[in-house]
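Hi,

Here is the model I promised to pass on.

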Amino acid sequence: MATQDIIARSATTTPSSSVRHVDEVAKLIDVSKCIGCKACQVACSEWNELRDEVGHNHGTYESPADLSSESWTLMRFAEHEDEAGKLEWLIRKDGCMHCAEPGCLAACPSPGAIVQYANGIVDFNQDHCIGCGYCITGCPFDVPRISQKDNKAYKCTLCSDRVGVGQEPACVKTCPTGAIVFGTKDDMKEHAAERIVDLKSRGYENAGLYDPAGVGGTHVMYVLHHADSPTLYSGLPANPSISPMVQVWKGVAKPLGLLALGATALVGFLHYLRVGRNVVEEDEPVTVGEAETVVHKVDPSVHEFDPKAPR
Amino acid sequence: MKHDIQRYGAGDRTNHWLVALLFILAGLSGLALFHPALFWLTHLFGGGPWTRILHPIMGVAMFVLFAWLVLRFIGHNMIDANDRKWLSQIGDVVNNHEEMLPPVGRYNGGQKLLFWVLLLCMLVLLVTGVVIWREYFSHLFGIELIRLSVLLHALAAFVLIASIIIHVYAGIWVKGSMGAMLTGWVSRGWARKHHAQWYKEQVSKQEQKP
Amino acid sequence: MTNHWTDIKNADLVLIMGGNAAEAHPCGFKWVTEAKAHNNAKLIVVDPRFTRSASVADLYAPIRTGTDIAFLGGLIYYLIENDKYQHEYVRNYTDVSFIVREGYDFEAGFFSGYDEAKRGYPDKSGWGYEIGEDGYAVVDPTLSHPRCVFNLLKKHYSRYTPDMVSSICGTPKAQMLQVWDTIAETSAPGKVMTIMYALGWTQHSTGSQMIRTGAMLQLLLGNMGMPGGGMNALRGHSNIQGLTDLGLLSNLLPGYLTLPSDAEQDYAAYIAKRASKPLRPGQLSYWQNYEKFHVSLMKAWYGKNVSAENNWGYDWLPKLDAPAPGYDVLKVFDMMYQGQVNGYFCQGFNPIASFPNKAKVGAALAKLKYLVIMDPLATETSEFWRNVDEFNAVDTASIQTEVFRLPTSCFAEEDGSLVNSGRWLQWHWKGAEPPGQARTDIAIMSGLYHRLRTMYAQDGGKFPDPILNLDWPYLQPDEPSPEEVAKEYSGKALTDLNDPATGALLVKGGEQLAGFAQLRADGSTASGCWLFCGSWTQQGNQMARRDNADPYGIGQTLGWAWSWPANRRILYNRASADVSGKPWEGLKKPLVFWNGKSWTGADVPDFKADSPPDAGMNPFIMNPEGVARFFAVDKMAEGPFPEHYEPFETPIGRNPLHPDDPRVTSNPAARVFKGDMELFGTAEEFPYAATTYRLTEHFHFWTKHCRLNAIVQPEQFVEISEVLAKQLGIGVGDRVKVSSNRGYIKAVAVVTKRLKPLTVDGKTVHQVGIPLHWGFSGLTRNGYLTNTLTPFVGDANTQTPEFKSFLVNVEKA
């Protein structure tokens, strides 16, 4: 029963079923081994039966031009020359990072449209998706995309269907150079550590693991030659976190907002109880000054009869 | 009540109540998407996707109709020294000590403040609403602007709803107010008591009539 | 490949040059990442472009396209001068001590015997060893003789100084020396470099010599026959290795047996010439067995119809009336262009896309009476007559060629074997039924055969014998099964085979043979391709084996599929051990060694198994010398030592090695057809050096018919440097027109830092990169056939076209 593995559920304020313990999984993308062949892109499309448009070349190797509801992963190519003039072609597989603290899930207003499994996979349930796009707003990595066809949000599922039956994601299965590997998060960290030692021995002093703490770590991690400047890799965020604006919006604002509105109504009710209504006494004595004006200056309209006037 | 004074024409009343209706719809649908505890409200609109589809349309309609109200009443809502004095004596207001307050025109300081608050909220809701209207417009804007917009949208909605609660309660509290917006007419006493200055103007205006 | 894909993981250093393995061979490239990750290997990429291979390299050096001989020749001299070569290996396992004949000479760019009128060397008499009175080649183990190969080699490359090489190649000297020094480290006996190359070396007018220079480098470093070493040609099609193995080139017979020439009407002389006797005492000279292979082939083809009496059907073999390599496709298409060809069967080939100068190929096809296309796809060639706007602007009405399209199954729709780059024959099983009316190539060819045979039988003809006498023993004559054909290639005993010494029964008549050692020249064995003999034994289909057990931990997996020859994974593997038969000192894991009684190890020894090291037999048993050749004797068209010649379209207009003689600017022995020389452009008009290549997202002109590939690389583009783009006012994603003297294409500009202007011969040379995959059919956006631009000239030996180096102009479209 997959539902026993759900540890977090969008727009849900009570704990989800989470009695079953499973190891956290992770996909490790070793950028230093990646040759940008796009086999992962094609495998993803094949397994998930996605067919994006045949687009255009926009003057780069990146095709399609961006992630879409029908391209859940994309190789991004960045040419970088360091101060010494050494050229590097940094190729990064972009896609959902499966954050431990997913911004999409936090932002989603529809109960159960986004779930997080105990193994760390963050999955969209399009059946519950209402198409508002709040997940995009919440995502620190700009990953989810709304389909033009059905107005539902889509992104990498980490092949939760494959992982659920003990297989690796399709991209991992197809990667020809072993740049993408999959296993428990602990094993992947261990593997990454070995890779980092190798990279350091090759002169990449700042080689390191990208598992950003700002989102509680991710279940898709990178080995980077330049872990000190992730932005070199086509703008991989250096310190991703759920935007403070989103945190306020989907954090304190929700309960406080409702509380304050309730309180406003309550104050009104109490006022009604304690102070009472403000009623016009028709025989109220005319106050001095103001009353004089009224009395002495006879208003002809007072004597007028308006047939339309309600009686 | 042949001594009554007309406060609102049929057009204004219709408009007001349409805005009110749209406010309730947009507000409920907005609240449905704001807090999980209220997600059930989406059922009022045919489910989540329909709520997502209808909310911005209702919001825009509300704004358009509200804009008409604004044009109609903006002249009456300029805040002056009297209003500021009125507002500074808010304690007397809530305790029904109207006798302590300066004479009030067509609208009191609180109503005028509400007017401007509503206008500001509506503008913010419109602008931010367009920015976060994913289906048609969001692709035109950067993610940071969208994030700011969702927050401001929620904030403006909160202020708007709170203001409307106050507005509604004021209508209940000040007897005759609700009738004014329902029937268009107020009693002379009501006018004299709550809007003395306006009452005077009305009286003098009617004197000038043939 | 002398080695194989998996073996790359044993390398200490990987040199990718003349290829882009990460791009074109991503699956095989995994072994490079293995070598890096688990063998601490370094990767060097030398390429005109900073490629996807370069993106994961430890060292990258740019090079001007077509100048690899200079780069490697300079390195050879650098290694000799700096004493960075594997002395013991070079002295014992190569021909450095052999004395070259007096007639040999190299002067001002020409080797001895040049004939300008014939554009070649009809007289190669000087290109050989001095033969002593004992019939053996004369050697000088002290290497002091001025005409010993070592001294000639040194002298030949002494002109290739670092400055000269840097000036020719445009490689900045510091980068070049860094690469050279890193490569030099593998001259230590136990250190191994592998060279991975592909069409970036093959497709030049000097392509064969480029590859030879690489092989010479590997010999100098002692890297041939070593695990993790060798010369590794990465084949461009999954079964192009099988194509050459089975002799589909017009001058070859299966198993690299050669077709006789017109002058060779005598069978005994034909065999004698090929069954070369050892050139040194105690050597094996394996080609002495040539007749066994030849007779077994003829028995496989003609069965009972051939015997010693009719010279095994020698008269039925065609005799080549054209100089080597005979009727190569360039020549055939030139003949077609001249109107000398009526009909053309085009099987699994898309010449209008894959051949140079599209205009000429298109015009040639239009002169045919009929064209038969056998292909799974609607290729451009099958629609060469269709007007597709600017992409194929032909006048359809004026083309009278009748085109027959016979849809065939593709590899995934049939059983069979593929030979990979590493010479593995891997059996594969049908994954789906062919669609529609598609039929297998075997069925179509069988149908053709039966109809031809019937016509010959009924109507006679000039020479019906080769057709009428063919043996056709298949269960289903209309469509022989792949299993039957595979068994035929492997071979069987026709009668009981007994051990000649003991008389013991070895193989029963009718049984499959265990290997080519069992082949005989007396007609008692049949084998359709001696190299494949043993791939289907009496034990069954060896190609279908899938046991990846690796008992020595060195990746040789002898139980996985089957590798020619004799399931041997690394050729010349005897050379992985020193003269005494012990693995070279420092080698991490032994490959093949002498255990005191026989040769053994992780691989099938490429040697006479019971010949002890002190018997003096040398590792290169296919050469009559027993050793490997630096000096190519008469085997190459343009000389025994590779010499740098410029591409036929050179951006600098002269050969810096021979600046004053335009005759040796480009390869003086390369064939140029009438009319094509005039179509070569000059740097004045077409200033930029262009090169064509593949992208990883596509496979040639096939995958543009596949939606997923089309999505990931949808539209034709060219690559230019940021510097050139700025000069020409071209922005990222602009459309540009790229023209050569033969036509133009238009494409999107990818402006990149990965191409840099180079300083060559004192000038700035810009290079333009032109990927090749687009055309006027398929699911990608329509594009121009890249070969609209390329020159109609080939390598002097193989006639492989010079797709990699030509001149273009670039302008904003």
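Let me start with one residue in chain C. Asn357(C) sits in the loop that links α14 (351-354) and α15 (358-365) of chain C; helices here are DSSP runs of H or I with at least four residues, strands are runs of E with at least two, and both are numbered from the N terminus. Asn357(C) counts as buried because 26 other C-beta atoms lie within 10 Å. The cut-offs are 20 or more other C-beta atoms within 10 Å of a residue's own for buried, 12 or fewer for exposed, and partly exposed in between, with C-beta atoms placed from the backbone.

What does Asn357(C) touch, leaving aside its neighbours within four places in sequence? Its contacts are Arg742(C), Asn787(C), Thr790(C), Pro791(C) and Phe792(C), where a contact means that two C-beta atoms, placed from the backbone, lie within 7 Å. The C-alpha atom of Asn357(C) is also separated by 9.6 Å from that of Leu679(C), and those two residues are 322 apart along the chain.

A word on conventions: this is a predicted model, where local features need pLDDT of at least 70 and side-chain atom pairs count only at pLDDT 80 or more, while totals for chains, interfaces and linings use all residues. Residues are numbered from 1 along each chain as its sequence is written, and chains are lettered from A and ligands numbered from 1 in the order in which they are written.

On to the domains of chain C. The division is domain 1 (1-96 + 160-236 + 570-589), domain 2 (329-448) and domain 3 (662-812), with bounds that come from an automatic or database domain assignment. The C-alpha centres of domains 1 and 2 of chain C are 36 Å apart. Seven residues of domain 1 of chain C are in contact with four of domain 2 of chain C. By class, the domain 1 side has four nonpolar, two polar and one charged residues; nonpolar covers Ala, Val, Leu, Ile, Met, Phe, Trp, Tyr, Cys and Pro, charged covers Asp, Glu, Lys and Arg, and the others, Gly among them, are polar.

Strand β24 (residues 688-693) of chain C is worth a look, as six of its six residues are buried. Tyr688(C), Ala690(C) and Thr692(C) point one way, and Ala689(C), Thr691(C) and Tyr693(C) the other. β24(C) pairs antiparallel with strand β31 (residues 806-812) of chain C over three bridges; pairing requires that DSSP finds at least two bridges between the strands. In that pairing Ala689(C) has Leu807(C) as its bridge partner. Five bridges join β24(C) to strand β30 (residues 767-771) of chain C in the parallel sense, with Thr691(C) opposite Gly769(C).

Gly769(C) turns up again among the contacts of Val718(C), which, beyond four places in sequence, also include Val738(C), Ala749(C) and Ile770(C). Val718(C) is one of the residues that touch the most other members of the largest nonpolar core, a set of 295 residues. Such a core is a set of buried Ala, Val, Leu, Ile, Met, Phe, Trp, Tyr and Cys residues joined through C-beta atoms within 7 Å. Helix α6 (residues 143-173) of chain B gives the most to this core, with eleven residues. A second, separate core has 38 residues, including Trp312(C) and Trp530(C).

Now for how the chains meet. Two pairs of chains are in contact, and chains A and B share the most contacts. Chains B and C have no contact, and their closest C-alpha atoms lie 22 Å apart. Between chains A and C, 32 residues of chain A are in contact with 35 of chain C. α1 (39-47), β3 (74-81) and β4 (87-94) of chain A each give two or more residues to the chain A side, with α1(A) giving the most, five. That side has ten nonpolar, 13 polar and nine charged residues.

β3(A) and β4(A) are antiparallel partners over eight bridges, one of which pairs Met75(A) with Lys93(A). They form a hairpin with five residues between them, and Gly85(A) in the turn has a positive phi of about 90°.

Last, chain B: nine helices and two strands, with 40% of its 210 residues buried. Its C-alpha trace spans about 60 × 35 × 30 Å along the principal axes.

Cheers
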